[in-house]
Amino acid sequence: MEVAQILCMNKGGGETSYARNSSLQSKIISDSKRITEEAVESMITTFSNNNTTSVISIADLGCSSGPNTLLLVSDTLNLISSKCKRLGYPLPEVQVFLNDLFSNDFNYIFGSLPEFHRRLVVDNGGEVGPCFISGVPGSFYGRLFPKKSLNFVHSSSSLHWLSEVPEGLLEGEGKRRLNKGKLYISSTSPRSVVEAYGEQFKSDFGRFIKSRSEEMVSDGRMVLSLMGRKSMDPTTPDSCHHWELLAQALTTLASQGLVEEDKIDSFNAPYYAPCMEEVKEEIEKEGSFMVERFEAFEVEWDGFASEAEDGLKILTRGQRVAKTIRAVVETMLESHFGGHIIDALFQHYGTIVQHYLSNNRTKYTNLVVSFVKK
């Protein structure tokens, strides 16, 4: 089954939904907010000076659903409004395009828009320019918009997902699986597996950059935020160990006869956490953008550094991580392993993660890059 059909955050607003379990992604947006605001302010200044049109076009790629989707939009629109008022610029019309795969829960987003527009007016003292929001389903690894139509592009917590599982994970006429017992790259993965993942990321990210270079206006700004790593080594814990622990949880279920080992061996996550050098290489190779900022932030696995409250129930860090990961990958795992194992899988996963975090200080690394279209 194609990745585009199964890469879908848990829909709705239930206990295991992405809408209720995306505090990690919210923390990432918060950590990169300063860089995003700098890019938006530069875009407004350029837009006002050129003044060839009265409409600012913004695209949020890989928007998902839930509160984080409109949080980014709200912050950007508030910033546009406040800066234009401060500098005496007329308030522009703004069109916002929210993009994700066809399976995304766009209905959840659209249902939130009346309250969003009401809040936008209140936050800006009743003075806000016209704002038009629409959904644009499709893969951001190809063209989504007309040429030279976008002033600002943003993407957060999305570009570490690949368009497909890399080729080259099977060997020989018998198609022997090279990464048995693993869901992703690990310290024991063959070099060919590691290289296959790296090549798939370069291909995907190169196509992403090429597509945006055609869609953005000159001097337009783009801010990308994605899971990555600080080291050149793709097998470091900050980039892959959460997958290693999920494989351990599946192996536990296999020992209980709930999962076939062959099912574990045949699953490969369409994911890659790049280092800064890999991202820069593809940007420079394409040649249409100039990097303005490039930073790496450490983020706790659950988005926080302590136990957190979920309603009246206190969750351990392991449980919180399990809920966060489940909200993101449940659809993908269910399509491969079946829905009957999901509750037991993430119960085991939460326990394994809690034990691991009690004895280790591993954190995610989030990369943020801001650049301008030449």
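This is a predicted model: local features need pLDDT of at least 70, side-chain atom pairs count only at pLDDT 80 or more; totals for chains, interfaces and linings use all residues.
## How to read the model

Residues are numbered from 1 along each chain as its sequence is written.

The predictor's confidence in each residue is called pLDDT and runs from 0 to 100. For the protein chain the mean is 91, with 95% of residues at 70 or more. Confidence is highest in strand β4, at 97, and lowest in strand β9 (residues 308-310), at a mean of 48.

## The sheet

Let's start with the strands. Helices (H or I, at least four residues) and strands (E, at least two) are DSSP runs, numbered from the N terminus. Two strands pair if DSSP finds at least two bridges between them. Here, 7 strands form an open sheet in the order β3-β2-β1-β4-β7-β11-β8, and the pairing is mixed. At the edges sit β3 (131-137) and β8 (289-299), each pairing on one side only. On average, neighbouring strands of this sheet are turned by 15° against each other, direction ignored.

Look next at β2 (residues 93-100), which pairs with β3 in the parallel sense over 7 bridges. In this pair, D100 stands opposite P137 in β3. Helix α3 (residues 33-50) packs on the sheet, touching β1 (55-61), β4 (150-156), β7 (216-228), β8 and β11 (364-373). Contact means heavy atoms within 4.5 Å. The direction of α3 makes about 175° with that of β7.

## Helices α3 and α4

Two packed helices are described by the angle between their axes and the distance between the axes. Axes are lines fitted to C-alpha atoms, for helices over the stretch in contact, and angles run from 0 to 180 degrees between N-to-C directions. The axes of α3 and α4 (residues 67-87) come within 10 Å and cross at roughly 45°. These two helices are therefore oblique to each other (under 35 degrees counts as roughly parallel, over 145 as roughly antiparallel, 65 to 115 as roughly perpendicular and the rest as oblique).

Which residues of α3 and α4 meet? From α3 come K33, T36, E37, V40, E41, M43, I44 and T45, and from α4 L72, D75, T76, L79, I80, K83, C84 and R86. By class, this contact has 7 nonpolar, 3 polar and 6 charged residues (Ala, Val, Leu, Ile, Met, Phe, Trp, Tyr, Cys and Pro count as nonpolar, Asp, Glu, Lys and Arg as charged, and the others, Gly among them, as polar).

## Two further helix pairs

Helices α7 (residues 237-255) and α11 (residues 342-359) have axes that come within 9 Å and cross at roughly 130°, so α7 and α11 are oblique to each other. Among the contact residues are H241 and L245 of α7 and F346 and Y349 of α11. The contact of α7 with α11 has 13 nonpolar, 5 polar and no charged residues.

For α6 (residues 191-215) and α9 (residues 276-286), the axes come within 9 Å and cross at roughly 45°. That makes α6 oblique to α9. F201, K202, F205, G206, I209, K210 and S213 in α6 meet E278, V279, E281, E282, I283 and E286 in α9. These residues divide into 5 nonpolar, 2 polar and 6 charged.

Key: Side-chain values use heavy atoms; hydrogens and water are left out.
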